[in-house]
Amino acid sequence: MIRTQRLAAGVCALLAALGAGIAFPGGAVADETDQAAPKVELVLDVSGSMRTADIDGGTRMAAAKQAFNEVLDATPEGVQLGIRTLGANYHGNDRKTGCKDTAQLYPVSTLDRTEAKTAVATLQPTGWTPIGPALLKAADDLDGGDGTRRIVLISDGEDTCPPLDPCEVAREIAAKGVGLTIDTLGLVPDAKTRDQLSCIADATGGTYTSVQHKEELSDRVGQLVDRAADPVVTPVATEGTGQCSSAPTLKSGLYTDREEFGQERWYKVEVDPGQELRTSVSVAADRAVNANYGVLLRAVTVHGREIVRGEASGTGRTDVVSTGLRYPKAESDDDEDTTPETVCLQVTNSFSAASGVKTSPGLPVELTVDVVDGPSKASDVAAFGLGRGWWLLGALVLTGFLAGLVWGWVSRWRVAVWRTN
């Protein structure tokens, strides 16, 4: 029994070690930008409903002011931060005027904490809830530069300025390809508010959070501002073609492109003998699409023979579908032969636009390419990346089986001897 347990432990350890080699491939080589200062604009709903006293015994406005003061104190150096309000200035009942009520309280710039806190202290819940117009203006406030750009929207209700749908506004911002993320925080657990704020965040790859306590609000806004200061990988814009022969040649890095509904895009990568190509692709539905869709990524030779493929599908529960593949290029028998192989990458999607939805521009595509040194011998890598490890694993399993048979036979013999005596 002990011997069998030890053997089983050895097999498990081997599987864990081999699995670790698969699960943690080398990181992709990409340029990190630390030159442009990250920009964040906090967009605060100051509509009349913010007078409601349902957050830890105080008003929603008081909770927002406390959160802003704490975040302003903790904002990392180098982050350019601004504050925009919606519904803060117009007291009347004219909807047309109320839906224009958005203003920049503090410009996006190097932070003067005292000045920013003074501006926040003057806010009083007042008017309407023009979320859509505020997002458009906030996007303009953050326009320009290559660093991280983030809008953090705090609201306690739905937009009151139809027909401008804030969710469509967010999709338009995403369709421009400006790399701007919108995170939303809801101060009430209302289903309609949650759905609208979630849609705004999802359209730009942001997050939605429901908060009902002052500490939660302060912590979450602080986390989002801190996140903007983290180093980011800046994607490189590229343009795939309709066939491999004219496709752009990509190096290791992160790339963005646009792909029409049901279209295919081609790219090329040079892989030297002994190297391994690791690539992944994500296609995002930044507008309403029909359910049941998929993405196919193929690695193909220049002569059209498929090498390996990766595919994924969705049913409408997510706006992004991702897949990937790995291709190890075997080392040449001729040590002097260092001719790289041209690998063609084909990206195909089966998204279809919902009725009445614009099909142009195409869907956002993000492609990661990583060409790294392969295993000690690329030709030894099997379909699951275990290579010759399969031989050792098979030997261990066979040894364990034989050991079990022998142990069972010995045990039965000892029992037979015991009964005889």
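How are helices α6 and α7 oriented to each other? They are roughly parallel to each other, and the points below place this pair within the predicted model.

1. Basis of the note. The model is predicted: local features need pLDDT of at least 70, side-chain atom pairs count only at pLDDT 80 or more, and totals for chains, interfaces and linings use all residues. Residues are numbered from 1 along each chain as its sequence is written, and side-chain values use heavy atoms, with hydrogens and water left out.

2. Overall content. The chain contains 9 helices and 17 strands; helices (H or I, at least four residues) and strands (E, at least two) are DSSP runs numbered from the N terminus. Of its 421 residues, 42% count as buried, where buried means under 20% relative accessible area, exposed over 50%, and partly exposed in between (1.4 Å probe, protein chains only). Among contacts with a separation of 6 or more, 76% are between residues 24 or more positions apart; contact means heavy atoms within 4.5 Å.

3. The α6/α7 pair. Helix α6 (residues 166-175) packs with helix α7 (residues 191-203) at an angle of about 5°, and their axes are 8 Å apart. Axes are lines fitted to C-alpha atoms, for helices over the stretch in contact, and angles run from 0 to 180 degrees between N-to-C directions. The scale used is: under 35 degrees roughly parallel, over 145 roughly antiparallel, 65 to 115 roughly perpendicular, and the rest oblique. On the α6 side the contact involves Pro166, Cys167, Ala170, Arg171 and Ala174, which meet Gln196, Cys199, Ile200 and Ala203 of α7. By class, this contact has 7 nonpolar, 1 polar and 1 charged residues; Ala, Val, Leu, Ile, Met, Phe, Trp, Tyr, Cys and Pro count as nonpolar, Asp, Glu, Lys and Arg as charged, and the others, Gly among them, as polar.

4. The six-stranded sheet. An open sheet of 6 strands has the order β4-β3-β2-β5-β6-β7, with mixed pairing; two strands pair if DSSP finds at least two bridges between them. Its edge strands, each pairing on one side only, are β4 (102-110) and β7 (208-210). Neighbouring strands of this sheet are turned by 15° against each other on average, direction ignored. Within the sheet, strand β2 (residues 39-45) and strand β3 (residues 80-86) run parallel and are joined by 7 bridges; Leu86 in β3 is the bridge partner of Asp45. Helix α7 lies across β5, β6 and β7 and runs at about 160° to β6.

5. Salt bridges at Arg60. The structure holds 16 salt bridges, a salt bridge being a side-chain nitrogen of Lys or Arg within 4 Å of a carboxyl oxygen of Asp or Glu. Arg60 forms one with Asp54, the closest N and O atoms being 2.7 Å apart. Arg60 is buried, at 9% relative accessibility, whereas Asp54 is partly exposed, with a relative accessible area of 39%. Asp156 also forms a salt bridge with Arg60, with the closest N and O atoms 2.7 Å apart. Asp156 lies in the loop between β5 (149-155) and α6, and Arg60 in helix α2 (residues 60-74), so this pair ties together parts that are 96 residues apart in sequence. Asp156 itself is buried, at 5% relative accessibility.

6. Val188 beside these residues. Val188 is found in the loop between β6 and α7 and is buried, with a relative accessible area of 9%. Not counting residues up to four places away in sequence, Val188 touches Asp54, Arg60, Asp156 and Thr193. The C-alpha atoms of Val188 and Ile55 are separated by 9.3 Å, although the two residues are 133 residues apart along the chain.

7. Further salt bridges. Arg150 and Asp183 meet through their side chains in a salt bridge (2.5 Å, N to O). Arg150 lies in strand β5 and Asp183 in strand β6 (residues 180-186), so the pair ties together parts that are 33 residues apart in sequence. Both residues, Arg150 and Asp183, are buried. Elsewhere, Arg298, Glu306, Arg309 and Glu311 are linked in a network of salt bridges.

8. Strand β10. In strand β10 (residues 253-259), 5 of the 7 residues are buried, so the strand is largely enclosed by the rest of the structure. Strand β9 (residues 236-237) runs parallel to β10 and is joined to it by 2 bridges, with Thr256 in β10 as the bridge partner of Ala237. Strand β17 (residues 363-373) runs antiparallel to β10, with 7 bridges between them; here the bridge partner of Thr256 is Glu366 in β17.
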